[in-house]
Amino acid sequence: MDAKTSRSLLYLDGVSVSFDGFKALNSLSFVVEPGELRAIIGPNGAGKTTMMDIITGKTRPDSGQVFFNGDIDLTRKDEAEIAQLGIGRKFQKPTVFESHTVWDNIELALNRKRGVFATLFYRLTAEDKARIEEILETVRMTARKDDLAANLSHGQKQWLEIGMLLAQEPKLLLVDEPVAGMTDAETAETAILLKEIARTRSVVVVEHDMGFIRDLGVKVTCLAEGSVLAEGSIDFVSSDPKVIENYLGR
Amino acid sequence: MITQMLFSRHEKKILWAVALILLAAALVPLANLLIPEGNFFHVPGHLVPLLGKYLCYALLALALDLVWGYCGILSLGHGAFFALGGYAMGMYLMRQIGDRGVYANPLLPDFMVFLNWSELPWYWYGFNHFAFAALMVLLVPGLLAFVFGWFAFRSRVTGVYLSIITQAMTYALLLAFFRNEMGFGGNNGLTDFKDILGFNVQAGGTRATLFAATAVALALALILSSAIVRSKYGKVLVGVRDAESRTRFLGYRVENMKLFIFTVSAMMAGIAGALYVPQVGIINPGEFAPANSIEVVIWTAVGGRGTLIGPIIGAVLVNFGKSIFTAAFPEFWLFALGALFVATTLFLPRGVVGTVQQHLATRKEQKKADAAERAYRDKAAASAESRLASLEPQAAE
């Protein structure tokens, strides 16, 4: 293992995976440093979601290396283990527990023991209560804490899910299209929220909304056909002729 | 820690239901034994085991509700756990017959003598002790559920596929128990019981006590279930039901969560079966019939899944209906049952209790919304006024 692996938080090298002959990822290499906020763009089918599936243990790569926190081999772990290691994932479609209240959603996500008996005999401590309240405040949901998650608007569900990920206290947060279906005001708020979150942990955002990425003002990676096409600032990437051809259109 | 978990955080309606069940546990035997025949309040002797049977079914439906209503595992094989518990109890009752059987063999039950067996199979050892049999009532269904669940949940078999293999499981057991070589009485099953713990199973006092025991078991199971579903673990279960992948990506081991509740539920079903057998006086492979397990699903759906109380009400109501219907128009019962299921699915998808609960909840919600809207309107009116007031001088300019 070289120096690069041990310093980075997430390290993907030469990762390939194919489904029924279709190469979803083609020798993808990608590094995220601790505390970094990174945006990923790319056309449909570029492998953005597959990459997240690989990192979170949902899909196993055919070849290549995936290391977390220096030397933890993620290809040998399953979803629950990877989540407990500190990788949180937000789905494209907001996925919250609809028949639970907003409060319970956060409580379930809180980074506590996850076993059957630990949860069976769990009692809410003052410390946990304060933490939940703090998270509700961060994602601006305090007023709705007793409402069922099913009754939230689309944008609010997205925030609740981000709140749940915060409660999980991950070192790395993978966020799949957080502003899809949001109003402009909500989008701007979400950009602020993500930047706030990225102060204490690494965040990888997959997004189509170029305005939103510009708001974030971070390093951008453009994927196409399962590998990295270009990497750099948004202006650098969006002026790259390959990116224009593959993704942005002429 | 366990007592704390059991005795806290119950909803009021659960406590009411428990109180009612315990009241029945006391009143039905009293009304049967103490109130003279002919009095309006007398419960006739033949009704006691019938009511006891309903409560066994209620316990079975409650067990199914834990896995189906709260964890989304539609088990179509819960009748198997019920029957296994029943067989464990039946084996104890068979051993109690002793030399009073037709062949008067002190060791072997009649059917083994009939098959020319000379010694008791090893798996019948110990069943002459009640405590051992009681342990097996829990262990056998629990172990089957654990092993079955271990493979099914680890391989992430869900939805309709899981339902089909649970159905296959109970069917396989049905075929196995039909075989004489299995040593469980084959086609005829186990019957002609004499006593339980030294009391005659046919006696009025024993039947009244069995009814009371069933009601108490149901009440305890309801308390336990309520404690489970109200705990954080219960919330995780609902999470698994509604968004399994979210639960997994939060770091919960979904397979362990499912395995625990599936095993607990199977043990509960086993207890129901064990209480059922001495009251109806027979256990045979017919209890493994796939249709039985499907009926349990219907009771649960009619009462309202995911409500705990609903399945109890559903099981009692549907079986009460069945008793009346099969006496009056025996050939139409299955049609009626089918129609009931279709009607429930179409018109009462939440079941009886679920629909009432939802109605009450929407009314409460509506009141809250009305109040909020009123407050908002008042505030808006006030702010509009102040804005108008601040606009006026500009208009004058």
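1. The centres of domain 1 and domain 2 of chain B, taken over C-alpha atoms, are 46 Å apart. Domain 1 covers 2-347 and domain 2 covers 350-392 of chain B; the bounds come from an automatic or database domain assignment.

2. This is a predicted model, in which local features need pLDDT of at least 70, side-chain atom pairs count only at pLDDT 80 or more, and totals for chains, interfaces and linings use all residues. Residues are numbered from 1 along each chain as its sequence is written, and chains are lettered from A and ligands numbered from 1 in the order in which they are written.

3. Between the domains of chain B, 12 residues of domain 1 are in contact with 7 residues of domain 2 (C-beta atoms, placed from the backbone, within 7 Å). On the domain 1 side, H13(B) gives the most, with 4 residues.

4. UniProt, in an unreviewed entry, lists "transmembrane region" at spans of chain B including 208-229 and 297-320. Such annotations may be inferred rather than shown by experiment. Residues 208-229 of chain B are 100% helix, with end C-alpha atoms 31 Å apart. For residues 297-320 of chain B, the helix share is 79% and the ends lie 16 Å apart.

5. Helices H9 (residues 232-242) and H11 (residues 254-280) of chain B pack at about 115°, axes 10 Å apart. H9(B) is therefore roughly perpendicular to H11(B) (65 to 115 degrees). Helices are DSSP runs of H or I, at least four residues. Axes are lines fitted to C-alpha atoms over the stretch in contact, and angles run from 0 to 180 degrees between N-to-C directions.

Conventions:
Contact = placed C-beta atoms within 7 Å. Helix = DSSP H or I, 4+ residues; strand = E, 2+ residues; numbered from the N terminus. Parallel < 35°, antiparallel > 145°, perpendicular 65-115°, else oblique.
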